[in-house]
Amino acid sequence: ISHACGPIGFMNLADIGQLVHERRQALGLSQARLALMSGLSRATINQLETGSLVDLGAAKLIALLDLVGLNLDAGTRKGHAHALQSVSQSASVSYRTLLDPAVLAAALVDGALPKGIVPHVATMLDEAPLSLIVAAVEEVAGTSSTHPKLLWKHVIHWAKDLHSPRGVWA
């Protein structure tokens, strides 16, 4: 397992579950939200975090770890050093104007969605890779000293207001 601090030695599934728990908490995600985002059940997330999960397939585990910013490998993750910039660019592909990352960050912190960025945010919520959205929320939380739970509350509110068809925002 590796994360921002570098590789961690050999771990069992219970150890990995503890890391997932710590990352989920740091990212301000509930077990239910992480379950929706990862395609796993809340019970599976709970069992993984509490060390009672007997087995989780490699593909599911790797996808879950990637989602929360952890890798299951011998190297260090390249990561999303500029996730906010990347998610802003991916949300701007279909539009003449670009989504300013600073405007998106301010909106995430404030919760108010300026009319001028509504189409960009709708595209982001519907199409951007979830791991990139997670990394962008983490980046904004870190640079703004805003708890990630508040940022997720804003994201979910926007998704509902914009009628995002992506099931993870339900």
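Before I count anything, a word on terms: helices here are DSSP runs of H or I with at least four residues, strands are runs of E with at least two, and both are numbered from the N terminus. Also keep in mind that what you see is a predicted model.

Okay, the overall picture. With those terms, the chain comes to nine helices and two strands. If you read along the sequence, the pattern goes β-β-α-α-α-α-α-α-α-α-α. The chain has 170 residues, and 44% of them count as buried. Now look at contacts with a separation of 6 or more: 66% of those in the chain are between residues 24 or more positions apart.

Let's go inside. A general point first: in soluble globular proteins, nonpolar side chains tend to be buried together. In our model, the largest nonpolar core has 51 residues. Which of its members touch the most other members? Those are Met 37, Val 87, Leu 104, Met 124, Ile 133, Trp 152 and Trp 169. And the largest share of this core, nine residues, comes from α8.

Pick Val 87 from that list and see who is around it. Skipping its neighbours within four places in sequence, Val 87 is in contact with Leu 104, Met 124, Ala 128, Leu 132, Ile 133 and Ala 136.

Met 124 takes us to helix α7, which spans residues 118-127. Which residues of α7 are buried? They are His 120, Val 121, Thr 123, Met 124 and Leu 125. And what do they pack against? The buried residues of α7 pack against α5 (83-92), α6 (101-110), α8 (130-144) and α9 (148-161).

Next, two pairs of helices. As a reminder, two packed helices are described by the angle between their axes and the distance between the axes.

Pair one is α8 with α9. Their axes come within 9 Å and cross at roughly 130°. That makes α8 oblique to α9, because an angle over 145 degrees would be needed for roughly antiparallel. The crossing of α8 and α9 is right-handed. On the α8 side you find Ile 133, Val 134, Val 137, Val 140 and Ala 141, and they meet Pro 148, Leu 151, Trp 152 and Val 155 in α9. By type, the residues of this contact are nine nonpolar, no polar and no charged.

Pair two is α1, residues 13-27, with α4, residues 58-67. Here the axes come within 11 Å and cross at roughly 30°. So α1 is roughly parallel to α4, because angles under 35 degrees count that way. This crossing of α1 and α4 is left-handed. Leu 13, Ile 16 and Val 20 from α1 make the contact with Leu 61, Leu 64 and Leu 65 from α4. The residues of that contact divide into six nonpolar, no polar and no charged.

Stay around there for a moment. Leu 53 is in the loop between α3 (42-50) and α4. Is Leu 53 buried or exposed? Its relative accessible area is 13%, so Leu 53 is buried, because the cut-off for buried is under 20%. Leaving out residues up to four places away in sequence, Leu 53 touches Leu 13, Thr 44, Gln 47 and Leu 48. Leu 53 and Ala 14 are 39 residues apart in sequence, yet their C-alpha atoms are 7.6 Å apart in space.

Now Ala 58, which is in helix α4. At 52% relative accessibility Ala 58 counts as exposed, because exposed means over 50%.

Where is Ser 145? Ser 145 is in the loop between α8 and α9. Its phi is near 55°, a positive value in a residue other than glycine. Ser 145 is exposed, with a relative accessible area of 68%. Then there's His 163, in the segment after α9. His 163 is not a glycine either, but its phi is positive, about 55°. His 163 is exposed too, with a relative accessible area of 66%.

Key: Residues numbered from 1 in each chain as written. Predicted model: local features only at pLDDT ≥ 70, side-chain atom pairs only at ≥ 80, totals over all residues. Heavy atoms only, no water. Buried < 20%, exposed > 50% of the residue type's maximum accessible area, 1.4 Å probe, protein only. Contact = heavy atoms within 4.5 Å. Core = buried A, V, L, I, M, F, W, Y, C linked by side-chain atoms within 4.5 Å. Axes fitted to C-alpha atoms, helices over the stretch in contact; angles between N-to-C directions. Parallel < 35°, antiparallel > 145°, perpendicular 65-115°, else oblique. Left-handed = near helix turned anticlockwise from the far one by under 90°. Nonpolar A, V, L, I, M, F, W, Y, C, P; charged D, E, K, R; others polar.
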